[in-house]
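Load the model in your viewer and keep the selection tool ready. This tour goes stop by stop: what to select, and what is there.

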Amino acid sequence: MKPPTIRNERRRWTGARGLVAVAAAAAVTAAAFAVAVPAQAASTLKAAAEAKGRYFGTALTRGDLSNTTLTNLAAAQFDMVTPGNEMKWDTTESSRGSFNWGPGDQIVSFAQSHSMRVRGHTLVWHNQLPNWVSSLPTNQVQAAMENHITTEATHYRGKVYSWDVVNEPYNEDGSLRQDVFYKAMGSGYIADALRTAHAADPNAKLYINDYNIEGINAKSNGLYSLAQTLVAQGVPLNGIGFESHFIVGQVPSTLQANMQRFADLGLDVAVTELDDRIQMPADSSELQQQGRDYGMIVNACLAVSRCVGVSQWGVDDGHSWIPGTFPGYGAPMMWDSSYQPKAAYTAALNALNSGTSVSPSPSVSPSRSPSASPSASPSVSPSVPVTGACSATIETTNSWPGGFQSNVTVRAGSSAVNGWTVKWTWPGGQTISSLWNGTQTVSGSSVTVRNADYNGSIAAGGSTTFGFTANGSAATPAVTCTSP
Ligand code: G3I
């Protein structure tokens with residue numbers, strides 16, 4: 001008998017899944033990177049998602065980075081990366097006060113070199129927590145937590161789009177988990193963690209992330225009450241992450257309504273760790289059902305204006321955590337273990353290409369992070385002035401009443417560039433609300449964006465991008481690029 005929708009207790013971990021034989025890599029065809037789509041439709045998840053003002057992400061571990069078949073596929077299809085384990089407390093601060101950024105930095109570096117953004121995961125979680133934290137005297141836990149958050153969020157400042165600040169804080173009955181943080185600080189640890197993260201990285205979107213909160217149920221009701229309180233108190237909570245570890249055919253029918261009620265609080269929502277497991281061996285009707293599940297999930301995100309994106313927890317069936325944790329289950333991903341696209345991939349892509357996305361509700365609080373929903377065709381700046389060794393183009397990728405999102409591509413000329421500055425003047429009072437992959441200086445209507453510390457070097461003929469969301473009418477002003 002298959003387990004119920006409520007996720008089973010995690011069972012034993014049987015270790016990382018073996019790498020798929022190198023020979024399988026040779027068998028990967030272009031079909032793994034794109035499927036036939038109608039004219040005008042995007043042929044990758046990321047392009048289709050971006051056309052709808054969303055991202056499509058994946059989780060990658062450090063081990064994945066040495067698998068070029070997997071990373072090529074990830075880079076072709078996804079524009080957001082969540083480190084699978086590398087930013088968790090047991091990796092970053094396994095002994096008190098001693099920080100290890102190497103593994104997380106490797107994931108960030110991969111993302112940056114493929115123009116992908118990063119969802120930071122995670123700062124405060126009862127799992128993958130070193131023993132030194134769980135065995136601290138109660139009166140030392142808050143200081144340890146705040147120091148951990150401050151140090152890690154500062155290290156990754158400007159390099160992550162968002163943070164899962166607090167991960168999996170709820171029990172199934174809607175009460176808060178009695179973990180070391182709760183025991184030391186009560187429910188107030190969550191607001192404290194969010195405020196601490198905000199102080200360290202004011203531009204990162206700050207999330208609470210959990211599983212089995214995708215439908216309307218006791219657990220999501222508990223989180224909803226907390227979110228209402230945090231918003232009312234002005235705590236810097238920007239979003240709710242719905243992990244979405246589903247069982248085939250059991251995606252909750254209330255998924256969209258549930259995401260919408262959180263969005264109506266002025267919060268972003270995101271599907272953060274999607275997989276859809278099947279009792280093995282998977283038959284073709286289950287794979288077709290999995291496709292319908294993926295389509296339904298993507299459509300739910302498109303229908304909620306503040307749903308910013310969907311991330312799958314991994315790339316292919318051969319590297320998923322599912323078989324090790326749920327023995328007898330597998331095949332939860334959009335690609336099989338030979339990296340061939342499954343019905344789920346086609347369904348997700350088709351949903352993105354054909355789905356209708358919804359513009360933000362005017363009732364959404366403007367003080368919170370802007371949502372990303374399209375309403376206009378992308379427009380590109382008409383001219384590309386070149387000064388010095390670089391050029392830049394600005395493109396509106398998405399707009400909604402009162403706001404828009406743009407990407408700026410910075411290109412090196414025939415020589416490599418080491419540091420760049422892009423400038424423009426807003427024509428009609430626009431203001432940037434959030435900018436990533438660059439640092440901005442604003443003076444009246446003049447905007448200057450300099451490279452971040454990780455994307456200043458561009459090889460000859462190469463390019464990098466930065467992006468922003470802004471308030472006001474969508475505009476594509478002339479932009480200049482200079483390089484010292
Ligand atoms: O690093 C050790 C290695 O030294 C040791 O030899 C090996 C022996 O089993 O274990 C390795 O650590 C494992 C770690 O992944 C890195 O591979 C842990 O045992 C294993 O428990 C851990 O599993 C991770 C799991 O979180 C822990 O809860 C999975 O990879 C990771 O995908 C999973 O991700 C979570 C999200 O963070 C939160 N939501 C649920 C999701 C799935 O469980």
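**The whole chain**

Start with everything shown: the protein has 14 helices and 22 strands. Both are DSSP runs, helices being H or I with at least four residues and strands E with at least two, numbered from the N terminus. This is a predicted model: local features need pLDDT of at least 70, side-chain atom pairs count only at pLDDT 80 or more, and totals for chains, interfaces and linings use all residues. Residues are numbered from 1 along each chain as its sequence is written, and side-chain values use heavy atoms, with hydrogens and water left out.

Colour by accessibility. Of the 484 residues, 56% count as buried. Buried means under 20% relative accessible area, exposed over 50%, partly exposed in between, with a 1.4 Å probe and protein chains only.

**Stop 1: two packed helices**

Select residues 255-263, helix H11, and residues 284-303, helix H12. Their axes lie 9 Å apart, and the helices pack at an angle of about 30°. H11 is therefore roughly parallel to H12. The label applies to angles under 35 degrees; over 145 is roughly antiparallel, 65 to 115 roughly perpendicular, and the rest oblique. Axes are lines fitted to C-alpha atoms, for helices over the stretch in contact, and angles run from 0 to 180 degrees between N-to-C directions.

The crossing of H11 and H12 is right-handed: the near helix is turned clockwise from the far one by less than a right angle.

Show side chains. H11 contributes Leu255, Gln256, Met259 and Gln260, while H12 contributes Ile297, Ala300, Cys301 and Ala303. The contact residues divide into 6 nonpolar, 2 polar and no charged.

**Stop 2**

Cysteine 301 is bonded to cysteine 307, with the sulfur atoms 2.0 Å apart. Both cysteines are buried. The torsion about their S-S bond is about -100°, so this disulfide is left-handed.

**Stop 3: cysteine 390 and cysteine 481**

Select this pair next; the S to S distance is 2.0 Å. Cysteine 390 sits in strand E13 (residues 390-400) and cysteine 481 in strand E22 (residues 480-482), so the bond ties together parts 91 residues apart in sequence.

Check accessibility. Cysteine 390 is buried at 1% relative accessibility, and cysteine 481 is buried at 0%. The S-S torsion is about -100°, so this disulfide is left-handed.

Notes. A disulfide is a pair of cysteine sulfur atoms within 2.5 Å. Contact means heavy atoms within 4.5 Å. Ala, Val, Leu, Ile, Met, Phe, Trp, Tyr, Cys and Pro count as nonpolar, Asp, Glu, Lys and Arg as charged, and the others, Gly among them, as polar.
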